[in-house]
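Okay, quick one today. Take a look at the model on the screen, and then I'll walk you through it.

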Amino acid sequence: MAELQMLLEEEIPGGRRALFDSYTNLERVAEYCETNYIQVPAVSYSLSLPYMEAVFVCCFQNGT
C-alpha cells in the first residue's frame, strides 16, 4: 500500500512534469530548427547541418 501511495503522490506527478518539460523542449527545438534551417537554401543547409545536430545533442545532454 505504501508503494501505491508513493506512486500516486510522487512518481506519477514527477513523471508527468518530466514529460511536459520534454514536450516543451521539443517544441522549442522544432521552432528553432524551422526558423533557422528550413527556410535556408539547400546549399547552405548542408553546411548548417553539423551545427543543428550539435545544438540538438547539447539540448538533450543538458536535460533541457
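First, the burial. The protein has 64 residues, and 11% of them count as buried. Keep in mind that this is a predicted model. The accessible surface comes to about 5,500 Å². Carbon and sulfur atoms account for 63% of that area.

Now the fold. We have 2 helices and 0 strands. I'll stay with H1, which covers residues 2-38. How far apart are the end C-alpha atoms of H1? They are 51 Å apart. H1 has 37 residues, so at 1.5 Å a residue it should span 54 Å, and the two values agree. H1 does bend, by about 40°, at Leu8.

Which residues in H1 are buried? Thr24, Asn25, Val29, Cys33 and Tyr37.

Next, the surface. Leu8, where H1 bends, also belongs to a nonpolar surface patch.

Methods:
Residues numbered from 1 in each chain as written. Predicted model: local features only at pLDDT ≥ 70, side-chain atom pairs only at ≥ 80, totals over all residues. Heavy atoms only, no water. Patch = residues over 30% accessible without salt bridge, like charges linked within 9 Å, V, L, I, M, F, W, Y side chains within 5 Å. Areas by Shrake-Rupley, 256 points an atom, 1.4 Å probe, with all protein chains shown as cover. Salt bridge = Lys/Arg side-chain N within 4 Å of Asp/Glu carboxyl O. Helix = DSSP H or I, 4+ residues; strand = E, 2+ residues; numbered from the N terminus. Buried < 20%, exposed > 50% of the residue type's maximum accessible area, 1.4 Å probe, protein only. Expected span 1.5 Å × (residues − 1). Bend = angle between axes of the 7 residues up to and from the residue.
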